[in-house]
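Look over the sequence and the model below.

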Amino acid sequence: LGTASLRNEGDCPQGAPDGYVPLSDFLARSLPEIRALFKGSAVLRAKPAMLMRNALIAAGNSGDPGLVPLIEKWLSYEDPGIRQAAEWADRGLAPG
């Protein structure tokens, strides 16, 4: 748990060992940083906002409460899809 797998080696960003980007590292980035990280790769066929939405859903499914602070930074994001995914993930991992 806690990693997003990139299957095609050509799609792996520099510095991503074995084609994995830790979910926490992904959630900590801004959308422009994600765009730069995957520049020139097929990963960007999906827009960075969609990638972040999916990462937030993965975070909510992870069972890792350590991701809550990273999820919370997306709760007020302007894109409603990202915001809703962050709200869902936060509810799933929030204590109580």
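Predicted model: local features only at pLDDT ≥ 70, side-chain atom pairs only at ≥ 80, totals over all residues.

Where is R29 found? R29 sits in the loop between α1 and α2.

**The protein in outline**

The protein has five helices and two strands. Along the sequence, the pattern reads β-β-α-α-α-α-α. Of the 96 residues, 34% are buried. The accessible surface comes to about 5800 Å². Carbon and sulfur atoms hold 50% of that surface. Now consider contacts with a separation of 6 or more: residues 24 or more positions apart account for 51% of them.

**Back to R29**

Is R29 buried, partly exposed or exposed? Its relative accessible area is 27%, so R29 counts as partly exposed. The cut-offs explain this: buried means under 20%, and exposed means over 50%. R29 also has contacts beyond its neighbours within four places in sequence. These partners are I34, L37, M52, K73 and W74.

A94 lies in the segment after α5, and S62 belongs to helix α3. A94 has a relative accessible area of 35%, so A94 is partly exposed. S62 has 9%, so S62 is buried. The table pairs each residue with a partner from elsewhere in the chain.

| Pair | Separation along the chain | C-alpha to C-alpha distance |
|---|---|---|
| R29 and L70 | 41 residues | 9.4 Å |
| A94 and V68 | 26 residues | 7.2 Å |
| S62 and A89 | 27 residues | 9.2 Å |

**Helix α3**

Helix α3 covers residues 48-62. Does its length agree with what its 15 residues should span, or disagree? At 1.5 Å a residue, the helix should span 21 Å. Its end C-alpha atoms are 20 Å apart, which agrees. Note the step in the sum: the expected span uses one less than the number of residues.

Which residues of α3 are buried? They are P48, L51, M52, A55, L56, A59, G60 and S62. What do these buried residues pack against? Their partners are α1 (23-28), α2 (31-37), α4 (68-72) and α5 (80-93). Just after α3 comes G63, with a positive phi of about 75°.

**How α3 meets α5**

Two packed helices are described by the angle between their axes and the distance between the axes. The axes of α3 and α5 come within 8 Å, and they cross at roughly 10°. That makes α3 roughly parallel to α5, because angles under 35 degrees count as roughly parallel. On the α3 side, the contact is made by A49, M52, R53, L56, I57, A59, G60, N61 and S62. On the α5 side, G81, I82, A85, A86, W88, A89 and L93 take part.

**The nonpolar core**

How many residues does the largest nonpolar core have? It has 23. F26, L27, M52, L56 and I71 have the most contacts inside this core. The elements that give two or more residues to it are α1, α2, α3, α4 and α5.

Take L56 as one example. Leave out residues up to four places away in sequence, and L56 touches L27, I71, W74, I82, A85, A86 and A89. L56 is also one of the buried residues of α3, and L56 takes part in the contact with α5. M52 is buried in α3, M52 is among the core residues with the most contacts, and M52 is in contact with R29. That brings the report back to the loop between α1 and α2, where R29 is found.

Methods
Residues numbered from 1 in each chain as written. Heavy atoms only, no water. Helix = DSSP H or I, 4+ residues; strand = E, 2+ residues; numbered from the N terminus. Buried < 20%, exposed > 50% of the residue type's maximum accessible area, 1.4 Å probe, protein only. Contact = heavy atoms within 4.5 Å. Core = buried A, V, L, I, M, F, W, Y, C linked by side-chain atoms within 4.5 Å. Areas by Shrake-Rupley, 256 points an atom, 1.4 Å probe, with all protein chains shown as cover. Axes fitted to C-alpha atoms, helices over the stretch in contact; angles between N-to-C directions. Parallel < 35°, antiparallel > 145°, perpendicular 65-115°, else oblique.
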